[in-house]
Amino acid sequence: MTDKLGKIKDTVDDARSGRLIFISHCLLNQNACVRGLASQPAAIRELIDLLLDNDVAIYQMPCPEVTYYGSMRWGQVKKQYASPMFRKHCRNIAEQLCDQVQTYRDNDHEVIGFVMRDGSPTCGLLRSAVEADENEVWGGMVWNASPLQRFGETKGVFTEELQAEVERRGMKDILFLSLPEVPEAGSFPDRLAEIKKVITKKSQQQLANV
Ligand code: SF4
């Protein structure tokens, strides 16, 4: 604390870029991944570097799985996460996130979109973990089970709820992007290039508007 009183600055201008993007929790905190799935020690550095290099601020979304099941959870497939209770949990997160998107947009910030995680039964955008054999029974004691999964062309449960909320609010220009968790769920370089294209295009548009 100082004894100084009065105006600190005579302008509302500051250093902010006014641009931000919402990203899946584990892109910035690899410790949230199901054990065995973290591909980097702390964060997905290529994405974080790309965003910071382009002055895009990062909003880390809560991890729907850790906030529901905790950090010591088993890997599961979409049909196990698709319960009404987990969907409600995801809807609550989606509503809070969309409130955040709205308040930034209402106050002259550019929210570019959401970066999801392909492969996740919760956050997948292009592909999500589903059961390899639909007739196989999932559930019961895990030490008795050896089920096989595959990556199906379907969205994760949280992505479905988030997209529904975005649509409900008519936020048509919000982009949904993604990076895969594992190579089997998509091409990391291709998806990163897509994000780069979007960010760079928007940067150029901004320069043109100055
Ligand atoms: S993909 Fe989604 S649910 Fe899975 S760890 Fe990342 S944030 Fe959590």
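**Figure 1. Pairing of S3 with S6 in the predicted model.** In this predicted model, six bridges join S3 and S6, and the two strands pair in the parallel sense. Across this pair, Met116 stands opposite Ser178 of S6. S3 covers residues 110-118 and S6 covers residues 175-180. Eight of the nine residues of S3 are buried, so the strand is largely enclosed by the rest of the structure.

**Figure 2. The open sheet, with strand order S2-S1-S3-S6.** The sheet has four strands with parallel pairing. S2 (57-60) and S6 stand at the edges with a single partner strand each, so one side of each has no neighbour in the sheet. From one strand to the next, the twist averages 30°. S1 runs parallel to S3 and is joined to it by four bridges; the bridge partner of Ile23 in S3 is Val115. S1 and S2 also pair in the parallel sense, over four bridges, and Ile21 has Ile58 of S2 as its bridge partner. Helix H5 lies across S1, S2 and S3, and runs at about 155° to S3.

**Figure 3. Contacts of Val115.** Neighbours within four places in sequence are left aside here. Val115 is in contact with Ile21, Ile23, Ser24 and Leu27, among others.

**Figure 4. The largest nonpolar core.** This core has 33 residues. Those with the most contacts inside the core are Ile21, Ile23, Leu27, Leu47, Cys90, Phe114 and Val115. Strands S1 (19-23), S3 (110-118) and S6 (175-180) are among the elements that give two or more residues to the core. In soluble globular proteins, nonpolar side chains tend to be buried together.

**Figure 5. Surroundings of Met61.** Met61 is placed in the loop between S2 and helix H3 (66-69). Is Met61 buried or exposed? Met61 has 23 C-beta neighbours inside 10 Å and therefore counts as buried; the cut-off is 20 or more. Residues up to four places away in sequence not counted, Met61 touches Phe22, Ile23, Ser24, His25 and Leu97. Met61 and Ser24 are 37 residues apart along the chain, yet their C-alpha atoms are separated by 5.4 Å.

**Figure 6. The shell around the ligand.** The ligand is surrounded by 13 residues. The closest are Cys26, Cys63, Arg117, Ser120 and Cys123. By class, the shell divides into seven nonpolar, four polar and two charged residues.

**Figure 7. The protein chain as context for the close-ups.** The chain has seven helices and six strands, in the order β-α-α-β-α-α-α-β-β-β-α-β-α from the N terminus on. Along the principal axes, its C-alpha atoms fill a box of roughly 70 × 40 × 35 Å. Of the 210 residues, 30% are buried. Among contacts with a separation of 6 or more, 74% are between residues 24 or more positions apart.

Key
Residues numbered from 1 in each chain as written. Predicted model: local features only at pLDDT ≥ 70, side-chain atom pairs only at ≥ 80, totals over all residues. Near = placed C-beta within 6 Å. Nonpolar A, V, L, I, M, F, W, Y, C, P; charged D, E, K, R; others polar. Core = buried A, V, L, I, M, F, W, Y, C linked by C-beta atoms within 7 Å. Buried ≥ 20, exposed ≤ 12 C-beta atoms within 10 Å, placed from the backbone. Contact = placed C-beta atoms within 7 Å. Pairing = 2+ DSSP bridges. Axes fitted to C-alpha atoms, helices over the stretch in contact; angles between N-to-C directions.
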